[in-house]
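Dear colleague,

I am passing the structure below to you for your own work. My notes on what was found in it follow directly after.

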Amino acid sequence: MKNVKYMLLAFVGLLTILPINTFAESIINNNGIEISEEDYNNFLKVHTHDYIMLMDEEQYAKLKSLDYSNIEKTETFVESTYNPMLGVTTEKEITKEEYENFNPIMPMLDDKGAYGATSAKEIDMVVVGDTTWNYVVVTAVWKGIPSTRSFDVIGIRGFGLSFRNGSQSGEQIYKLNGEYQRISYAWNGTNIKKFDEGFGISMNIVNDNITALEVSVDCDVTPTQSSPALYGSYQHAVASVSLTQSQNYTLGGSGLGRVFVYPYSISQKYDGMTGLQIQY
């Protein structure tokens, strides 16, 4: 009987010494890319779940190469209400908790039978540091689909930074008939406008009966002086604009969201939302 006890104690001792192997689960995205649980959680620090599920091999390789120990992020949440009688959209900043509990109203009828919509959006900017190039992402996610859908513009302006040409890109992700789809915008496409100090991409918001919507842009930058700054802006068109009108801007601190400087007649066609800033 003593021998049995000694054997049992020895076995328990081995359990305390030998590591217990655990196997993290992986996921397969819509393009057949296998993503480990660790990578997925890291990617979520920069992009949304929907972006991760729709990304291609090139985007996966980019995210896989990043150092997630050096991240800066800023975000804001905004509620938008459209008044069809005045043709005006009013906005107010809300808390993250209010955004998460937000219940979009679309359509909403007034006493004259006109309809409007109340929606909300989260906008964030993330910088992932590295030894040479820093990865920058600006993302806007809607709760409630905007009633006016034309050429929105989203972009990044930098101060004391150089932009790596060819790294600029954008995505419009939406849900149609229960399936997520995307429109990709290349660095050399017709919808992008580039400057030495940044860029913007005009995105014609899908006009189908979509039930989810997000837009994003990303690029690589490197500091050229101490204390560089990044400015991100997403401007939603509250009136119909053409691609040409949406691209009639320069970049500057006096512009919409401290990024897009439009002629007054065009700036009035955008919601004028406050932009985001990261200084590092």
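Please bear in mind that this is a predicted model.

**Strand pairing**

Strand β14 covers residues 212-223, and it pairs with β7 in the antiparallel sense over 8 bridges. Within this pairing, Tyr135 has Asp220 of β14 as its bridge partner. Strand β7 itself, residues 134-143, is mostly covered, with 9 of its 10 residues buried.

**Cavity**

The count of cavities of 30 Å³ or more comes to 1. The space in the largest cavity is about 100 Å³. Its lining comprises 13 residues, and those closest to the centre are Tyr82, Thr89, Pro146, Ser147 and His236. Two elements, β3 (71-83) and β6 (115-128), each give two or more residues to this lining. What is the make-up of the lining in nonpolar, polar and charged residues? It divides into 5 nonpolar and 8 polar residues, with no charged residue.

**Salt bridges**

In total, 7 salt bridges were counted. Three of them are described here.

Asp39 and Lys64 form a salt bridge in which the closest N and O atoms are 2.5 Å apart. Because Asp39 belongs to helix α2 (residues 37-43) and Lys64 to helix α4 (residues 57-64), the pair ties together parts that are 25 residues apart in sequence. Asp39 has a relative accessibility of 10% and therefore counts as buried, the cut-off being under 20%. Lys64, with a relative accessible area of 45%, is partly exposed.

A second salt bridge joins the side chains of Asp271 and Lys121, at 3.5 Å from N to O. Asp271 is in the loop between α7 (264-267) and β18 (276-279), whereas Lys121 is in strand β6, so this pair ties together parts that are 150 residues apart in sequence. Both Asp271 and Lys121 are buried. Strand β6 is also one of the elements named above for the cavity lining.

Glu171 lies in strand β10 (residues 169-176) and Arg182 in strand β11 (residues 179-185), and the two residues are 11 apart.

With kind regards

Notes:
Residues are numbered from 1 along each chain as its sequence is written. This is a predicted model: local features need pLDDT of at least 70, side-chain atom pairs count only at pLDDT 80 or more; totals for chains, interfaces and linings use all residues. Side-chain values use heavy atoms; hydrogens and water are left out. Buried means under 20% relative accessible area, exposed over 50%, partly exposed in between (1.4 Å probe, protein chains only). Helices (H or I, at least four residues) and strands (E, at least two) are DSSP runs, numbered from the N terminus. Two strands pair if DSSP finds at least two bridges between them. On a 1 Å grid over the protein atoms alone, a cavity is a set of points where a 1.4 Å probe fits but cannot get out, and a pocket is an open set with protein on both sides within 12 Å along at least five of seven lines; lining residues have an atom within 4 Å of a point. Grid points are joined across faces, edges and corners, and a volume is the space filled by probe spheres set on the points. Ala, Val, Leu, Ile, Met, Phe, Trp, Tyr, Cys and Pro count as nonpolar, Asp, Glu, Lys and Arg as charged, and the others, Gly among them, as polar. A salt bridge is a side-chain nitrogen of Lys or Arg within 4 Å of a carboxyl oxygen of Asp or Glu.
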